[in-house]
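Here are my notes on this model, as numbered points. Please read them with the structure open.

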Amino acid sequence: MSGAPSLAGKRVVVATRSFASTDPAPRLLLEREGIAVVQPVPPPRGDDLAALLDVADGLIVGAIPLTEAHFARAPRLRVVAMHGVGVDHIDLQAAAARGVVVTNAPGSNDGAVADLTIALMLACLRQVPVADRAVRDGAWQGVVGDELSGKTIGLIGWGRIGQGVARRLTGFDVKLLVHDPFVAPEVIVARGAIPAALDELLVRSDIVSLHVPLTTETSNLLSADKLALMRPSAYLINTARGGIVDEEALSRRIEAGMLRGAGLDCFAVEPPLNNPLLALPSVVVTSHIGAQTREAIARMGAIAATNVIRVLHGEDPLFRVA
Ligand code: NAD
């Protein structure tokens with residue numbers, strides 16, 4: 001005998017466009033439990049999101065700000081599930097103060113982000129967007145770039161994505177420098193890379209790539225002073241978070257020819273309207289698409305839905321952040 005699904009009457013707000021966007025399976029996981037799923041298009045932010053939270057038991061979010069003001073207007077909320085990994089945009093203290101569990105989905109999208117990191121490295125080195133625009137504009141011109149082989153690549157952060165980038169680079173015959181104070185040097189050496197202090201990595205690398213979470217320690221990690229250590233011929237790749245880099249200083253250095261360019265998937269303010277970096281042809285930009293592959297979206301959705309269901313059942317989620 002089967003009665004009503006056990007979570008009938010519960011309501012989950014989805015504030016990310018990509019949840020279940022390529023396959024309905026994650027949404028069906030929720031609905032089979034009797035949960036009502038509310039997924040407005042476009043995804044609500046700010047006050048629009050807060051207005052939906054008064055009757056929400058769960059919330060699935062992408063990388064959008066979630067503040068004390070949101071939690072204050074969510075009396076029933078038990079769980080926030082990040083549809084991804086980084087949770088720097090969520091006020092974790094406010095969540096904890098109101099007994100809201102925050103979860104994420106580590107391991108769901110690192111391959112996708114590592115792929116995009118390599119794509120941005122090559123797009124920068126070969127100026128792919130410049131050539132693309134030229135052809136479309138009717139200009140059949142030579143665009144001279146640099147080769148990845150033989151370069152020194154500096155990876156800041158040796159977690160899932162940093163290591164994924166390193167694995168993908170093995171075919172390119174590069175030298176790898178790695179800065180991660182939380183990983184034993186011998187672990188890095190065992191993988192064929194060279195542990196380095198941050199300054200040394202910045203001075204020696206042809207490409208610097210960021211793979212750390214945005215925290216109080218990593219906010220502005222690449223300050224104007226640190227960027228000034230990089231070679232004029234070097235590129236910066238950021239598929240982590242915009243707040244890790246001083247964007248104004250980065251823009252000034254590229255414009256002045258003190259850095260050759262950058263590949264950026266993340267910005268301090270998204271979307272990056274009026275950001276001077278957008279005016280620079282040697283800066284390749286993408287719209288925070290690191291995790292946006294069909295495969296990663298399916299994994300993130302399944303984990304986020306499972307996290308929500310488990311918490312609403314009074315169980316531990318798969319991955320608890322706070
Ligand atoms: P992870 O937790 O596996 O690895 C992070 C690594 O950073 C850890 O090894 C940690 O020791 C290291 N670290 C922390 N502070 C550091 C510091 N001050 N200096 C050097 N290393 C430091 O995380 P991950 O899965 O590799 O993801 C990394 C980040 O990438 C996430 O936190 C998220 O912000 C970002 N991300 C972006 C996208 C995107 O769409 N562009 C998608 C997923 C993740």
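**Notes on the model**

1. Glu31 is partly exposed, at 34% relative accessible area. Partly exposed falls between buried, under 20%, and exposed, over 50% (1.4 Å probe, protein chains only). Arg27 is also partly exposed, at 24%. Glu31 and Arg27 form a salt bridge, with the closest N and O atoms 3.2 Å apart. A salt bridge here needs a side-chain nitrogen of Lys or Arg within 4 Å of a carboxyl oxygen of Asp or Glu. The two residues sit four apart in helix H1 (residues 25-32), so about one helical turn separates them. Helices (H or I, at least four residues) and strands (E, at least two) are DSSP runs, numbered from the N terminus.

2. On provenance: this is a predicted model, in which local features need pLDDT of at least 70 and side-chain atom pairs count only at pLDDT 80 or more, while totals for chains, interfaces and linings use all residues. Residues are numbered from 1 along each chain as its sequence is written, and side-chain values use heavy atoms, leaving out hydrogens and water.

3. How many salt bridges does the rule give? The count comes to 10. One of them joins Asp115 and Arg168, with the closest N and O atoms 2.6 Å apart. This pair links distant parts of the chain: Asp115 is in helix H5 (residues 110-126) and Arg168 in helix H7 (residues 160-169), 53 residues apart. Asp115 is partly exposed at 42%, and Arg168 at 29%.

4. Asp146 and Arg260 form another salt bridge, at 3.0 Å between the closest N and O atoms. Both ends lie in loops: Asp146 between helix H6 (128-136) and strand E6 (152-156), Arg260 between helix H11 (247-255) and strand E11 (261-264). The pair therefore ties together parts that are 114 residues apart in sequence. Asp146 is partly exposed at 24%. Arg260 is partly exposed at 37%.

5. Now the ligand. It is surrounded by 23 residues, the closest being Arg160, Ile161, Asp180, Thr239 and Asp265. The criterion is a heavy atom within 4 Å. By class, the shell has 10 nonpolar, nine polar and four charged residues. Nonpolar covers Ala, Val, Leu, Ile, Met, Phe, Trp, Tyr, Cys and Pro; charged covers Asp, Glu, Lys and Arg; the others, Gly among them, are polar.

6. Which atoms approach the ligand? A backbone N or O atom of Arg160 lies 2.9 Å from a ligand oxygen. A backbone N or O atom of Thr239 is 3.0 Å from a ligand nitrogen. Asp265 places a polar side-chain atom 2.9 Å from a ligand nitrogen. The protein covers 86% of the 870 Å² of accessible area that the ligand has on its own. Accessible areas come from the Shrake-Rupley method with a 1.4 Å probe.

7. His211 is in the loop between strand E9 (207-210) and helix H10 (224-227). Is His211 buried or exposed? It is buried, at 11% relative accessible area. Its side chain makes a polar contact with the side chain of Ser209 at 2.8 Å. A polar contact is a pair of N or O atoms within 3.5 Å; within protein, one must be able to donate a hydrogen and the other to accept it, and residues adjacent in sequence count only if both atoms are side-chain atoms. Leaving aside residues up to four places away in sequence, His211 touches residues including Thr117, Ile161 and Thr239. Contact means heavy atoms within 4.5 Å.
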